[in-house]
Amino acid sequence: PTLFRSEGLATLLRRGLGVYIFHRDDYYLYVEDLHLAGQMNEADYLPRIEGFTFSVVRSNEEADKLAESVGQDFRTRFFNARKRLDNGAVAFCAFANGEIANVGWAALTERAKRTLFDMPLRVDFSDSECYLGGSETAPEYRGKGLMTYNSYRMYRFRSENGINTARYAMAAGNSAARWQAAKFEPDMYGRARFRKLLCWKSWKETPLVPPGDPSEGNHAPASATE
């Protein structure tokens with residue numbers, strides 16, 4: 001109900017169509033290390049917003065306590081939040097005057113990743129890697145720098161918890177998100193094409209090779225079809 005009031009019927013119908021019936025998208029694939037960790041100053045990433053607070057939530061029990069303390073439950077506004085927490089994803093939550101404004105997610109296991117991005121994107125969770133995704137900003141708070149600060153807190157979280165590498169996929173048409181991600185100097189390593197029709201899914205990756213690399217042209221695309 002909260003999502004309906006905030007986003008409207010058209011958004012709900014579009015999401016339902018993409019989740020259950022037909023979806024197509026093209027992605028750029030990124031990998032991000034921690035080479036900026038020693039240079040970061042939190043003040044440089046703070047959003048342009050009054051009454052700003054931030055919480056990292058690791059479980060639905062923590063989300064219950066947060067909802068009690070701030071008077072609002074972010075899980076009612078952002079898609080699939082309860083399921084994501086139940087499966088081990090970590091939520092990074094930004095508030096403005098006690099109102100939820102932005103949420104980003106980190107998956108530390110394959111099971112958690114599938115609640116954020118259910119594609120065969122390879123992430124080596126056993127080797128200090130994680131997957132980042134599912135970031136959303138409430139419409140009334142867009143353009144305030146919340147996603148950038150959220151990305152900074154994820155970066156710091158990884159540094160504090162020994163998670164050296166993050167991987168994520170961004171829709172090719174989402175230029176705003178790609179511009180924001182560039183602030184953290186990730187490497188774009190591939191492109192992917194996703195198609196879904198009812199229960200059928202197709203995922204095809206194409207590696208990106210630097211110009212002049214002698215191995216160029218020797219990489220076969222990775223693909224999976226269900």
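**Reading salt bridges in a predicted model**

Tutor: At 10% relative accessibility, R77 counts as buried, where buried means under 20% relative accessible area, exposed over 50% and partly exposed in between, with a 1.4 Å probe and protein chains only. This is a predicted model, in which local features need pLDDT of at least 70 and side-chain atom pairs count only at pLDDT 80 or more, while totals for chains, interfaces and linings use all residues. Residues are numbered from 1 along each chain as its sequence is written, and side-chain values use heavy atoms, with hydrogens and water left out.

Student: Which side chain meets R77 in a salt bridge?

Tutor: Side chains of opposite charge can pair when their charged atoms come close. A salt bridge is defined as a side-chain nitrogen of Lys or Arg within 4 Å of a carboxyl oxygen of Asp or Glu. Here R77 is paired with E140, at 3.1 Å from N to O. E140 lies in the loop between β5 (129-137) and α6 (146-160) and R77 in the loop between α3 (60-70) and α4 (81-86), so the pair ties together parts that are 63 residues apart in sequence; helices (H or I, at least four residues) and strands (E, at least two) are DSSP runs, numbered from the N terminus. E140 is partly exposed, at 41% relative accessibility.

Student: Where do E110 and R114 lie?

Tutor: Both belong to helix α5 (residues 110-116), four residues apart, about one turn of the helix.

Student: How many salt bridges does a search of the whole structure find?

Tutor: The search finds 13.
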